[in-house]
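Reader: I'm new to this one. Can you walk me through it, piece by piece?
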Amino acid sequence: MTTRQTQLPDLWLLSDARNEDSLDRAIAALPPGSAFVYRHYHLDPATRRARWDALLPRLRAGGHLAILSGSDDEAQGWGADGSYGPPEAIGEAPQLLRIAAVHDAIEIAHANAAGADAVMLSPVFPTRTHPDREALGPERFHALSALAEMPVIALGGMDYERAREIGWNRWAAIDGLALKEPG
């Protein structure tokens, strides 16, 4: 594992049209040194860039990684710490973290071959993002995670309780992120 891989945060927040109204509060509540993946596919390109530019100073102030869903060139041009996308889009920019979105063994194999720094494996549990996709469940999630040659970030119906349930510290959420850990 590279130094970049071992220093990946445990908690990841993804943006989406669903969490736009609560996004500023969610970023403010993130523990220092978390990660944020900016997707916002619902916006036109100019508005999407303007929203990124407005969020970036807040992410930097919190010590968060700022990952852009897009190409390496776009991530570099926007001042992101990394890029996020399908395994076949993983580039070779050594200065960026490259996070691959994966859902099965074939995509994990592609991410391994591409040298991704991490994979975001989903959906672990049922989720509104993929209502028609069967959830992996804990057993299948662990079996698929074992195929990855890099850190795995659990996504899909995740919160602190479910992360403990599957015994996984590194996880991500969109609108299911419970920022305060239950007591």
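Author: A definition to start. Buried means under 20% relative accessible area, exposed means over 50%, and partly exposed is in between (1.4 Å probe, protein chains only). Helices (H or I, at least four residues) and strands (E, at least two) are DSSP runs, numbered from the N terminus. This is a predicted model: local features need pLDDT of at least 70, side-chain atom pairs count only at pLDDT 80 or more, and totals for chains, interfaces and linings use all residues. Residues are numbered from 1 along each chain as its sequence is written, and side-chain values use heavy atoms, leaving out hydrogens and water.

Reader: OK, helix α5. Which residues are buried there?
Author: Ile108, Ala111 and Asn112 are buried in α5, which spans residues 105-114. Down the axis of α5, these buried residues fall within an arc of 100° (taken from the directions from the helix axis to the C-beta atoms), so they line one face of the helix.

Reader: And which are exposed on the other side?
Author: Ile106 and Ala113.

Reader: What do the buried residues of α5 pack against?
Author: β5 (97-102), β6 (118-121) and α6 (137-145). Contact here means heavy atoms within 4.5 Å.

Reader: What caps the N-terminal end of α5?
Author: Aspartate 104 does. One of its side-chain oxygens lies 3.2 Å from the backbone nitrogen of isoleucine 106. After α5 comes glycine 115, with a positive phi near 75°.

Reader: Switching topic. Where is tryptophan 52, and is it buried or exposed?
Author: Tryptophan 52 sits in helix α3, residues 45-61. Tryptophan 52 is buried, at a relative accessible area of 0%.

Reader: What is tryptophan 52 in contact with?
Author: Leaving aside neighbours within four places in sequence, tryptophan 52 contacts Tyr38, Ala66, Ile67, Leu68, Trp78, Gly79 and Ala80.

Reader: Now the strands. Which way do the residues of β1 point?
Author: Leu11 and Leu13 point one way from β1 (residues 11-14), while Trp12 and Leu14 point the other way. All are buried.

Reader: Which strands does β1 pair with?
Author: β8 (residues 171-173) runs parallel to β1, with three bridges joining them. β2 (residues 35-38) also pairs with β1 in the parallel sense, over three bridges. Pairing requires that DSSP finds at least two bridges between two strands. The partner of leucine 11 in β8 is tryptophan 171. For tryptophan 12, the partner in β2 is alanine 35.

Reader: How many salt bridges are there?
Author: Eight. The rule asks for a side-chain nitrogen of Lys or Arg within 4 Å of a carboxyl oxygen of Asp or Glu.

Reader: Which residues are linked in a network?
Author: Asp24, Arg51 and Arg58. Aspartate 24 and arginine 51 have their closest N and O atoms 3.4 Å apart. Aspartate 24 is in helix α2 and arginine 51 in helix α3, so the pair ties together parts that are 27 residues apart in sequence. The salt bridge between arginine 58 and aspartate 24 is 2.7 Å, N to O. Arginine 58 is in α3 as well, so that pair ties together parts that are 34 residues apart in sequence.

Conventions:
A polar contact is a pair of N or O atoms within 3.5 Å; within protein, one must be able to donate a hydrogen and the other to accept it, and residues adjacent in sequence count only if both atoms are side-chain atoms.
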